[in-house]
Amino acid sequence: MMSTNLFDLSGKVALVTGASRGIGENIARTLADNGAHVIVSSRKIEGCEAVAQRIRDNGGSAEAIACHIGEMDQIDAIFKAIEEKHGRLDILVNNAATNPHFGPIESTDVSAFQKTVDVNIRGYFFMSARGATLMKKQGGGAIVNVASVNGVIPGHFQGIYSITKAAVISMTKAFAKELGAQNVRVNALLPGLTDTKFAGAITTNDSIKKQALMHIPMNRVADPSEMAGAVLYLVSGASSYTTGTCLNVDGGYLTV
């Protein structure tokens, strides 16, 4: 009998990148809470193992696999490992990202530019391509790309990061258009200002934070856990006819 719980992920295998802390950890834990077996991934295995253990301690199912999505050989390796062990992948959440340059756009050096492009664009692209290939074999799946409101309105002193996030939004729509007939849904989450280490340059500077909050109708910074419910919707049966969508979770920032 088909489950009446639209958010039930029992029997699903999910891969979440950048899951050792912050938004990624909260997504991983939420997917596990709803029945998925979660593969916790980031560059460093120790952080992944800690999150996977917390999931298991809470009664969920999880394992840890390190992967630096800026390295093509590591992308190939993680999908090979998943296919050999599980034979399937139902959910992919591309959350790992980098932002090494916070400052004037014209002072962005080549190394910071290349690192940001390699992770945020090339990494997301080939993670999605490898994930889609595996999903098509089993008749479908769901991919969520964690972009940013900066992909719509570029963030001050976050030029190259914002540019790559705009590319992720376009990438999401391109993959959705091509993969829809194969039942592989591809959507994007656009977080607003969130209390993570990643956003520390803004959230830990009182003057910059105060200025940012002036543009957020809810007048507060998001907790990382507030991003997880939107992802659960986008990877579950609740969104079965939703693809190519960019879901803003931003306290109203993009409405201003």
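**Figure 1. Surroundings of A238 in the predicted model.** A238 touches L6, F7 and Y233, when residues up to four places away in sequence are not counted. The structure shown here and in the following views is a predicted model. A238 is placed in the loop between helix α8 (228–235) and strand β7 (246–249). With a relative accessible area of 24%, A238 is partly exposed, because the buried class requires a value under 20%. A238 and N5 are 233 residues apart in sequence, yet their C-alpha atoms are 8.7 Å apart in space.

**Figure 2. Helix α8 and the elements that cover it.** Helix α8 is mostly covered, as six of its eight residues are buried. The buried residues of α8 are A228, A230, V231, L232, L234 and V235. Among the elements that cover these buried residues are helix α1 and the strands β4 (91–94), β5 (141–146), β6 (184–191) and β7. One of the buried residues of α8, V231, is also in contact with V93.

**Figure 3. V93 in strand β4.** V93 is found in strand β4. Its relative accessibility is 0%, and V93 therefore counts as buried. Leaving aside neighbours within four places in sequence, V93 is in contact with L15, V16, T17, I27, L31, V144, V146 and V231. The C-alpha atoms of V93 and V16 are separated by 4.7 Å, although the two residues are 77 residues apart along the chain.

**Figure 4. The largest nonpolar core and the contacts of L89.** The largest nonpolar core has 72 residues, of which L15, I27, L31, V40 and L89 touch the most other members. In soluble globular proteins, nonpolar side chains tend to be buried together. For L89, the contacts beyond four places in sequence are V13, A14, L15, F79, I82, G131, L134, M135, Q138 and G140.

Figure 5. Helix α1 comprises 12 residues, 22–33. From its first C-alpha to its last, α1 reaches 17 Å, close to the 16 Å expected at 1.5 Å a residue. Within α1, the residues I23, G24, E25, I27, A28, T30, L31 and A32 are buried. Two of these, I27 and L31, are among the core members that touch the most other members. Just after α1, G35 takes a positive phi of about 105°.

**Figure 6. The second largest pocket.** The second largest pocket has a volume of about 450 Å³. It is lined by 21 residues, and the closest to its centre are K12, R185, V235, S236 and G237. The residues of the lining divide into six nonpolar, 10 polar and five charged. V235, one of the residues closest to the pocket centre, is also one of the buried residues of α8.

**Figure 7. F157 in the loop between β5 and α5.** F157 is found in the loop between strand β5 and helix α5. Although F157 is not a glycine, it has a positive phi of about 65°. At 35% relative accessibility, F157 counts as partly exposed, because this class lies between the 20% limit for buried and the 50% limit for exposed. F157 touches H101, F102, G103 and P104, with residues up to four places away in sequence not counted. The C-alpha atoms of F157 and G103 are separated by 4.3 Å, while the two residues are 54 residues apart along the chain.

**Figure 8. S162 in helix α5.** S162 lies in helix α5, which covers residues 159–179. The relative accessibility of S162 is 3%, so this residue counts as buried. When residues up to four places away in sequence are set aside, S162 touches N150, G151, P154 and G155.

**Figure 9. N219 in the loop between α7 and α8.** N219 lies in the loop between helix α7 (206–213) and helix α8. Phi of N219 is near 55°, a positive value in a residue other than glycine. The relative accessible area of N219 is 53%, and the residue is therefore exposed, because values over 50% belong to that class.

Note on methods
Residues numbered from 1 in each chain as written. Predicted model: local features only at pLDDT ≥ 70, side-chain atom pairs only at ≥ 80, totals over all residues. Heavy atoms only, no water. Core = buried A, V, L, I, M, F, W, Y, C linked by side-chain atoms within 4.5 Å. Buried < 20%, exposed > 50% of the residue type's maximum accessible area, 1.4 Å probe, protein only. Contact = heavy atoms within 4.5 Å. 1 Å grid on protein atoms, 1.4 Å probe; cavity = no way out; pocket = protein on both sides within 12 Å on 5 of 7 lines; lining within 4 Å. Points joined across faces, edges and corners; volume = space filled by probe spheres on them. Nonpolar A, V, L, I, M, F, W, Y, C, P; charged D, E, K, R; others polar. Helix = DSSP H or I, 4+ residues; strand = E, 2+ residues; numbered from the N terminus. Expected span 1.5 Å × (residues − 1).
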